[in-house]
Amino acid sequence: MKVGILYSRIRRDEKLLLAELRERGHEVEKIDVRKARFGLEETTAAVGDLDIVLDRCLATSRSLYATEFLASYGVPVVNSPETATICADKVKNSLALADAGVPTPRTEVAFTTDAALEIIEAFGYPCVLKPVVGSWGRLMAKIDSRNAAEAILEHKATLGHYQHKIFYVQEFVEKPGRDIRVVAVDGEPIAAMTRTSDHWLTNAAKGGKTAEFEITDNVRELVERASEAVGGGLLGIDLMEVGGADSGSYTVHEVNHTVEFKALNDAVATDVPAVVVDWLEATAEGYAEGT
Amino acid sequence: MTNDTDALIAEDPITGEEIELPADVEVGEIIDSPVTGAELEVISLDPLVLEEAPELEEDWGE
């Protein structure tokens, strides 16, 4: 098949995928979104004869618009712009999970510092303030006191971008020093890992230590439902254990749509890029058959 | 840095020194300069050209 890769930066994740695709004899069209122009009916990017395009844009804004354009031209693109739109925004992400009945941390949003402070005081300390767009744990604040809350809210209100004035407040979940990342394709888990850290942020990008996590039936079911809630695709589903590591209870705090998997690939026995390419082949075939 | 005999040689855009790159580098790939540690982007393969990689932006990530 002929596969397009939307990118602006080739990370180790993309190199693993490119190697797997080429090894299987697939033709790859790398599309640097920084160079492409997107018109209402056509693009300068060579997408005309592609069987499928995989969005691997590092910048969320580019991912959102580039996939929207490709979908409008009728080019099969994964993940879909609908999935990207939900996953790129923490508010939409939380709403989609809650609407689907997937357990997710208690969350409230306010548009002024005064209203945000009311939420924080009602939640109690500690609680968490997150940017609605962003990742790798950046600009996340664990708020331990009213003094800290007032200072952080004031800082956010002066950061400039209007998105920082959307105050997304979440309960602080007492997790057992780790969270769980599951990478899944259309709800079917490929593999999972725990990310452990003494810091409250356990993201691999923040230096969290990774180890393989054996997927339980409970996690499998939550992953399937969380994936469906955001429209499916190649996703990174993040869960936290509630009530201790052996409780079997989880809350899903986020679903990521341009998931990085190099840390997972290093942590588990499964060949993650191989399974991703299996899925791409099947998805492209599905598009060709009109399903 | 690799000692692979197929390694490629490029000029570090910051210091002008010659640096070795693995033979399988891709256009768009980010490598760490062995000289300065700065992130460099592979702009082209023939000729092999590196530039300083773009700075991290707020909406980057997954």
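Here are some notes on this predicted model, point by point.

1. **Ground rules.** Residues are numbered from 1 along each chain as its sequence is written, while chains are lettered from A and ligands numbered from 1 in the order in which they are written. Since you're looking at a predicted model, local features need pLDDT of at least 70 and side-chain atom pairs count only at pLDDT 80 or more, though totals for chains, interfaces and linings use all residues; side-chain values use heavy atoms, with hydrogens and water left out.

2. **How chain A is divided.** You'll find domain 1 (2-78), domain 2 (107-171) and domain 3 (174-279) in chain A, with bounds that come from an automatic or database domain assignment. Taken over C-alpha atoms, the centres of domain 1 and domain 2 of chain A are 35 Å apart.

3. **Chain B.** This chain has zero helices and five strands, where helices (H or I, at least four residues) and strands (E, at least two) are DSSP runs numbered from the N terminus. Read from the N terminus, its elements go β-β-β-β-β. Along the principal axes, the C-alpha atoms of chain B fill a box of roughly 40 × 25 × 20 Å. Of the 62 residues in chain B, 37% are buried (under 20% relative accessible area; exposed is over 50% and partly exposed in between, using a 1.4 Å probe and protein chains only).

4. **The largest pocket.** Its volume is about 940 Å³. Here a pocket is an open set of points on a 1 Å grid over the protein atoms alone, with protein on both sides within 12 Å along at least five of seven lines; a cavity is a set where a 1.4 Å probe fits but cannot get out, and lining residues have an atom within 4 Å of a point. Grid points are joined across faces, edges and corners, and the volume is the space filled by probe spheres set on the points. The largest pocket is lined by 49 residues, and A:Trp136, A:Ala204, A:Ala205, A:Glu260 and B:Glu62 lie nearest its centre. By class, that lining has 21 nonpolar, eight polar and 20 charged residues (Ala, Val, Leu, Ile, Met, Phe, Trp, Tyr, Cys and Pro count as nonpolar, Asp, Glu, Lys and Arg as charged, and the others, Gly among them, as polar).

5. **A closer look at A:Trp136.** Find this residue in the loop between β6 (127-130) and β7 (141-143) of chain A. A:Trp136 counts as buried because its relative accessibility is 19%. A:Leu201 is 65 residues away from A:Trp136 in sequence, yet their C-alpha atoms are 9.3 Å apart in space.

6. **The second largest pocket.** This one holds about 450 Å³ of space. It is lined by 17 residues, with A:Leu64, A:Asp89, A:Val133, A:Tyr162 and A:Gln163 closest to its centre. α2 of chain A gives the most to this lining, with four residues. Domain 1 and domain 2 of chain A each supply at least three residues of the lining.

7. **Charges over rings.** The charged end of A:Arg106 sits over the ring of A:Phe123, 4.1 Å from the ring centre. Likewise, the charged end of A:Lys142 sits over the ring of A:Phe172, at 4.6 Å from the centre. The rule asks for NZ of Lys or CZ of Arg within 6 Å of the ring centre and within 35 degrees of the ring normal.

8. **Backbone spots to check.** A cis peptide bond joins A:Val78 and A:Asn79, with omega about -5°, and A:Asn79 lies in the loop between β4 (77-78) and α3 (81-87) of chain A. The bond from A:Tyr125 to A:Pro126 is also cis, with omega near -5°. A:Asp186 is not a glycine but has a positive phi of about 45°. Where is A:Asp186? Look in the loop between β9 (178-185) and β10 (188-196) of chain A. With a relative accessible area of 48%, A:Asp186 is partly exposed.
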